[in-house]
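Me: Hi! Could you walk me through this one? I'd like to hear about the holes and the sheet.

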Amino acid sequence: MTRYGEFVEVRRDTGTHVAELVLDRPKAMNAVSTEMAASIAAACAALSDDRDVRAVVLTSSSERAFCVGADLKERNRFTDAELGRQRPHARAAYTGVLELPVPSIAAVHGFALGGGFELALSCDLIVADASAVVGLPEVSVGVIPGGGGTQLLPRRVGAARAAELIFTARRVAAEEARALGLVDELVAEGTDTAEALALAARIAANSPVGLRAAKRALRTGWGMGLSAGLEVEDAAWRTVAFSGDRAEGVAAFNEKRTPEWPGE
């Protein structure tokens with residue numbers, strides 16, 4: 001277990017190769033202050049450099065919320081100059097999650113609003129429990145989604161649906177969120193973290209070289225035409241085709257045994 005500042009904790013399971021990145025500011029329902037944003041970015045940088053980690057699960061220690069977004073009490077005290085200086089710290093937190101080189105899963109319960117939902121959107125998959133309420137309400141307080149929401153949401157649900165959700169600032173309960181594709185799995189209340197960790201463990205059982213390459217191809221190919229996207233895929237394939245993981249995977253398949261991935 002490693003602490004990053006007061007509000008972020010990382011737990012690593014060496015058996016499953018899964019890391020849990022815990023948002024740990026429960027009294028404020030994980031409202032993201034400047035300090036917390038810097039801690040998220042630092043934790044993500046460390047996880048990105050850890051070759052033993054094959055999947056990351058983003059969780060919350062708050063019983064009421066995954067994350068309610070930016071700390072508006074802090075923002076209310078800012079001058080315009082201070083808000084401008086804070087912006088790079090906020091962006092670094094969302095970018096840190098988005099650019100994790102391994103598969104990432106958000107475990108969502110309670111409120112995931114504004115920047116909180118953007119942290120979830122920055123993950124590859126979102127597991128939500130029945131208590132989840134998600135949304136991007138920024139226009140209701142005079143700003144816009146600034147943690148990737150205007151770009152990530154339409155990639156999930158299409159431009160028109162994203163526009164409706166962002167322009168109305170409405171909150172979406174769990175059942176509708178699943179129906180609209182705002183979350184990927186809907187699980188029983190109180191089980192989001194356990195289910196997300198179990199999913200991450202299944203993912204992490206696969207080749208670490210393959211997982212990183214597959215994520216790189218998926219993310220890099222976003223928005224490209226088919227021809228360009230296939231070139232991205234081919235480049236990623238070449239990074240795994242001659243790897244130790246590929247040799248071990250093929251050998252294990254033929255020998256009918258569980259692979260022992262060298263991770264290179």
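Reply: Happy to. First, how holes are found: on a 1 Å grid over the protein atoms alone, a cavity is a set of points where a 1.4 Å probe fits but cannot get out, while a pocket is an open set with protein on both sides within 12 Å along at least five of seven lines; lining residues have an atom within 4 Å of a point. Grid points are joined across faces, edges and corners, and a volume is the space filled by probe spheres set on the points. Bear in mind that this is a predicted model, where local features need pLDDT of at least 70, side-chain atom pairs count only at pLDDT 80 or more, and totals for chains, interfaces and linings use all residues. Residues are numbered from 1 along each chain as its sequence is written, and side-chain values use heavy atoms, with hydrogens and water left out.

Me: Great. How many cavities of 30 Å³ or more are there?

Reply: The count is 1. The largest cavity has a volume of about 40 Å³.

Me: And which residues line the largest cavity?

Reply: Among them are Phe 117, Val 134, Gly 135, Leu 136 and Arg 170. By class the lining has 7 nonpolar, 1 polar and 1 charged residues. For those classes, Ala, Val, Leu, Ile, Met, Phe, Trp, Tyr, Cys and Pro count as nonpolar, Asp, Glu, Lys and Arg as charged, and the others, Gly among them, as polar.

Me: OK, pockets next. What volume does the largest pocket have?

Reply: About 870 Å³. The largest pocket is lined by 34 residues, and Gly 69, Ala 70, Asp 71, Leu 72 and Arg 75 lie nearest its centre. Its lining is made up of 16 nonpolar, 9 polar and 9 charged residues.

Me: Which element gives the largest share of that lining?

Reply: Helix 3, with 7 residues. Helix 2 (72-77), helix 3 (80-98), strand 7 (111-113) and helix 4 (115-121) each supply at least two. Helices (H or I, at least four residues) and strands (E, at least two) are DSSP runs, numbered from the N terminus.

Me: What about the second largest pocket, what lies nearest its centre?

Reply: Cys 123, Asp 124, Leu 125, Arg 219 and Trp 222, out of 17 lining residues. The second largest pocket has a volume of about 340 Å³. Helix 9 gives the most to its lining, with 5 residues, and by class that lining has 11 nonpolar, 1 polar and 5 charged residues.

Me: Strand 3 then: parallel or antiparallel to strand 2?

Reply: Antiparallel: strand 2 (residues 8-13) and strand 3 (residues 18-23) pair over 6 bridges, and Arg 11 has Glu 20 as its bridge partner in strand 3. Strand 3 also pairs with strand 4, in the parallel sense over 6 bridges. There, Val 18 has Ala 55 as its bridge partner in strand 4.

Me: Is strand 4 covered or open, and which way do its side chains go?

Reply: Mostly covered, with 6 of its 6 residues buried. Buried means under 20% relative accessible area, exposed over 50%, partly exposed in between (1.4 Å probe, protein chains only). Ala 55, Val 57 and Thr 59 point one way, while Val 56, Leu 58 and Ser 60 point the other. In a regular strand, side chains alternate between the two faces of the sheet.

How values were computed
Two strands pair if DSSP finds at least two bridges between them.
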